[in-house]
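Morning, everyone. I have one chain to walk through today. Please bring it up on your screens.

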Amino acid sequence: SGGQQQRVALARALVIQPSVLLLDESLSNLDAKLRDAMRHEIRSIQRSLGITTLFVTHDQVEALTMCDRIAVMHRGRIAQIGSAEDIYDRPATRFVAEFVGRANVLPLARDGQGRATVWGQAVPVEAADNADLFVRPQRMRIVPLSEPASGDTARLTGRVLRSVFVGDHVEVLVEGTDGQLTVEMPSGSAAQAEGTEVAVVWPRHESRVFAREAS
């Protein structure tokens, strides 16, 4: 089987006690459950033997869960190198923010007072020209319109277009006056009826601003 072949190949590489182990897309041919099992097995073996391992993958889950340090490549160059938390929560470039994980990309504008706005509503970020606001769907929450936002919380209002059950979470699509965003809510959260007017809130520090790409 594919899993047995992967184990044999790994054993043949380890038996010579290499100083560095290169694994290039080593889990790409396995089904989802076997890939998960092999991911944990390889990580356990690497830790027990203490062998420096270079793991090449296009699967972001593999990179985030298996690696102590991650290098994100873009056009043959390293766009960012760091821990999984650094790459996911503190992307250094627009490319990394768009490439790793999912993100809502919301065009920023300025109001008459020079404040940054999204959908015509002020948001607590640095105002910038030709820039977009990036926020992870998992960092957002849906709350009633009557719930106010604190000083360190960003808040937008919109209308629920639809909710989709995805097993471990629920994706809620919210439409504003000039676009849409997605909120990922934990499975079992209260259902959001289509057409309901809601507020979407997130911690201010979860906002990332990057220059808008030229069209």
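Let's start with contacts. Contact here means heavy atoms within 4.5 Å. Take the contacts in the protein chain between residues at least 6 apart in sequence: 60% of them join residues at least 24 apart.

Now the ground rules. This is a predicted model, so local features need pLDDT of at least 70, side-chain atom pairs count only at pLDDT 80 or more, and totals for chains, interfaces and linings use all residues. Residues are numbered from 1 along each chain as its sequence is written, and side-chain values use heavy atoms, with hydrogens and water left out.

Overall dimensions next. The C-alpha atoms of the protein chain fill a box of roughly 70 × 35 × 30 Å along the principal axes.

Surface. The chain exposes about 12,600 Å², and carbon and sulfur atoms supply 51% of that. The areas come from the Shrake-Rupley method with a 1.4 Å probe; for residues, only the protein chains shown count as cover. Buried residues make up 36% of the 215. The cut-offs: buried is under 20% relative accessible area, exposed is over 50%, partly exposed is in between, with a 1.4 Å probe and protein chains only.

Charges. There are 24 positive and 27 negative side chains, and the centres of the two sets lie 3 Å apart. Lys and Arg count as positive, Asp and Glu as negative; His and the chain ends are not counted. Each charge is placed at NZ of Lys, CZ of Arg, CG of Asp or CD of Glu.

Secondary structure. We have 5 helices and 15 strands. These are DSSP runs numbered from the N terminus: helices are H or I with at least four residues, strands are E with at least two.

Three strands form it: 3 strands in the order β6-β7-β8, open and antiparallel. Which strands stand at the edges? They are β6 (109–110) and β8 (121–122); each has a single partner strand, so one side of each is left without a neighbour in the sheet. Two strands count as paired if DSSP finds at least two bridges between them. Strand β7, residues 116–118, pairs with β8 over 2 bridges. In general, strands of a sheet pair through backbone hydrogen bonds, either parallel or antiparallel.

Zoom in on T117, in strand β7. Its bridge partner in β8 is A122. T117 is buried, at 7% relative accessible area. Leaving aside neighbours within four places in sequence, T117 contacts P107, L108, A109, R110, D111, A122 and V123.

Step along to W119, in the loop between β7 and β8. Buried or exposed? W119 is buried, with a relative accessible area of 9%. Beyond its neighbours within four places in sequence, W119 touches residues including L106, L156, T157, V174, G176, D178, G179 and L181.

Next, a hairpin. It joins β12 to β13 through 2 residues. Strand β12 (residues 169–176) and strand β13 (residues 179–186) pair in the antiparallel sense over 8 bridges. G176 has G179 as its bridge partner in β13. Further along β13 sits T182. T182 is buried, at 15% relative accessibility. Setting aside neighbours within four places in sequence, T182 is in contact with R102, N104, P137, M140, E171, V172 and L173.

Now some loops. G76 is in the loop between β3 (70–74) and β4 (77–82). At 68% relative accessibility, G76 is exposed. G76 and D178 are 102 residues apart in sequence and 36 Å apart in space, C-alpha to C-alpha.

Last, backbone angles. Where is E25? E25 is in the loop between β1 (20–24) and α2 (32–49). Its phi is near 50°, a positive value in a residue other than glycine. E25 is partly exposed, at 25%. N130 also has a positive phi, about 50°, although it is not a glycine. N130 lies in the loop between β8 and β9 (131–135). At 55% relative accessibility, N130 counts as exposed.

That's the tour. Over to you.
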